[in-house]
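Hi everyone, thanks for making time. I'd like to walk you through one fold today, so please have a look at it with me.

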Amino acid sequence: MKIGVDYYPEQWDKTLWSKDAELMAKTGVKTVRLAEFAWSRIEPTEGTYDFSWLDEVISIFSHFTYEFFILFWYFFYWFSFIFFKFLSFFRFFPSII
């Protein structure tokens, strides 16, 4: 049986990543799901991508032979302003929904 966790490195100080990986390995964790809600950090502005922090996390965790599941929810921070403006449109035209 494999034990896995969800880990949100973007929520933690970078200095904790190694210790977290070590502690998870000591408890028998073998699978880590990453980046589930991190798209705003991966694409901070439209068309600009930064995977460097994710590469670093994977590199650290790889020392402990983890399996990774990378799950991206494509909800862009910059898009949220457009999306909520779009939703407010339906407030005035509820019969469209």
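This is a predicted model: local features need pLDDT of at least 70, side-chain atom pairs count only at pLDDT 80 or more; totals for chains, interfaces and linings use all residues.

Residues are numbered from 1 along each chain as its sequence is written, and side-chain values use heavy atoms, with hydrogens and water left out.

Strand S2, residues 29-34, is joined to S3 by four bridges, and the two run parallel. Strands here are DSSP runs of E, at least two residues, and helices are runs of H or I, at least four, numbered from the N terminus. Two strands pair if DSSP finds at least two bridges between them.

Overall, three strands make an open, parallel sheet in the order S1-S2-S3. At its edges sit S1 (3-6) and S3 (67-70), each pairing on one side only.

Now, what packs on the sheet? Helix H3, residues 52-62, does, touching S2 and S3; contact means heavy atoms within 4.5 Å. The direction of H3 makes about 155° with that of S3, with axes fitted to C-alpha atoms, for helices over the stretch in contact, and angles running from 0 to 180 degrees between N-to-C directions.

Finally, tyrosine 7: leaving out residues up to four places away in sequence, its contacts include Trp12, Asp20, Val32, Arg33 and Phe61. So arginine 33, our opening residue, turns up again here.
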